[in-house]
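I opened my notebook to look up a few places in this protein, one after another. Here is the structure I worked from.

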Amino acid sequence: MNRRYLTADLVWDGASFVPGLVLAIDAAGRIDSLGDPPPGTPVEQRRGQALLPGFVDVHSHAFQIGLRGRGETFPLEHGSFWTWREAMYELVGSLTPESLARLSRRTFREMRRAGITTVGEFHYVHHADAGAADFALDAAVIDAARQAGIRLVLLECYYRTGGPGRPLEGGQRRFDGISVERFLAHCEAIAAGLDPARESIGLAPHSLRAVEPGELAELAQVARQRGWPLHIHLEEQRREIEEVVAAWGRSPVELALETLADGTGLNATGIHLTHTDADRLFDLFARGWTAGLCPLTEGNLGDGIPALA
């Protein structure tokens, strides 16, 4: 295997920075081993630097970089998740494959400059137009990651309802998963075209206001069988909790735990968990779930967003 060997003033060994430690890097850019290289092997020297593994961004919506300066400035006491969402839907309505690719490249390149080398892209803007069923925008995200040189876990989002018992409306129709069968067939086709050295796929039922429990169970079963990760938004804002309780008699976390009672072999991550109480969090962790937190977003998912000057 073609390896490069690097060292620097300081190298992270998993516990501390060690002066002059040598890294072996494989052809895919992954750290293969630590320690002395074979005799006579050239070693690249990075003076005045420290080396450590790249960071992983577990939850990204790359296109939302287009919201900068648009989504969080409101009249005093009038900002909320829902006013932010209207700005987001306006952006969604304007997206084309070309503009989505451009925004995604910009996001991924910023990540690379910040030391992020792998991104979990929770991707839900699938279709060229509201009412289409073409999944035409998905390739744009994959191509953008390739051009930016970032490893991609494409978390394909299944989004079916605008709330429990409500149809998709407006810009949401570009998110439509169509059906579990159609969506999974599309995911299999994407997976077949990925470079396994740098790309993989996961399933992302959007939330329990956008996916019914039975659909969540079907998607989780396939994720388990295929060894794909499963990510889902849970309890990011209070109206979500209220709507799910009204429809199903349980909070989103309680419903997820009940629906996915058998966590064996399931690599599941709950995203946000902003309004989840401690006992339910421990219940998730006891089942092997991971929490994916987005601190800046969490700060804006309370009862309101403070007005910004």
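**Ground rules.** I am working with a predicted model, in which local features need pLDDT of at least 70 and side-chain atom pairs count only at pLDDT 80 or more, while totals for chains, interfaces and linings use all residues. Residues are numbered from 1 along each chain as its sequence is written, and side-chain values use heavy atoms, with hydrogens and water left out.

I looked up the second largest pocket and found a volume of about 760 Å³. A pocket here is an open set of points on a 1 Å grid over the protein atoms alone, where a 1.4 Å probe fits, with protein on both sides within 12 Å along at least five of seven lines; its volume is the space filled by probe spheres set on the points. Its lining counts 26 residues, of which I25, G29, L52, G54 and T117 lie nearest the centre (lining residues have an atom within 4 Å of a point). I noted that strand 5 (44–51) supplies at least two lining residues, as do strand 1 (4–12) and strand 3 (22–25), and that the largest share, three residues, comes from strand 5. Strands are DSSP runs of E with at least two residues, and helices are runs of H or I with at least four, numbered from the N terminus.

**H126.** I found H126 in the loop between strand 7 (116–123) and helix 3 (138–148). H126 is buried, with a relative accessible area of 0% (buried means under 20% with a 1.4 Å probe and protein chains only, and exposed means over 50%). Its side chain makes a polar contact with the side chain of D138 at 3.0 Å, a polar contact being a pair of N or O atoms within 3.5 Å, one able to donate a hydrogen and the other to accept it.

**R68.** I then turned to R68, in the loop between strand 6 (55–60) and helix 1 (81–94), which is exposed, with a relative accessible area of 52%. Leaving aside neighbours within four places in sequence, R68 is in contact (heavy atoms within 4.5 Å) with R106 and E110, and its side chain makes a polar contact with that of E110 at 2.8 Å.

**Helix 5.** Among the buried residues of helix 5 I listed L216, L219 and V222. Just after helix 5, G227 takes a positive phi of about 70°.
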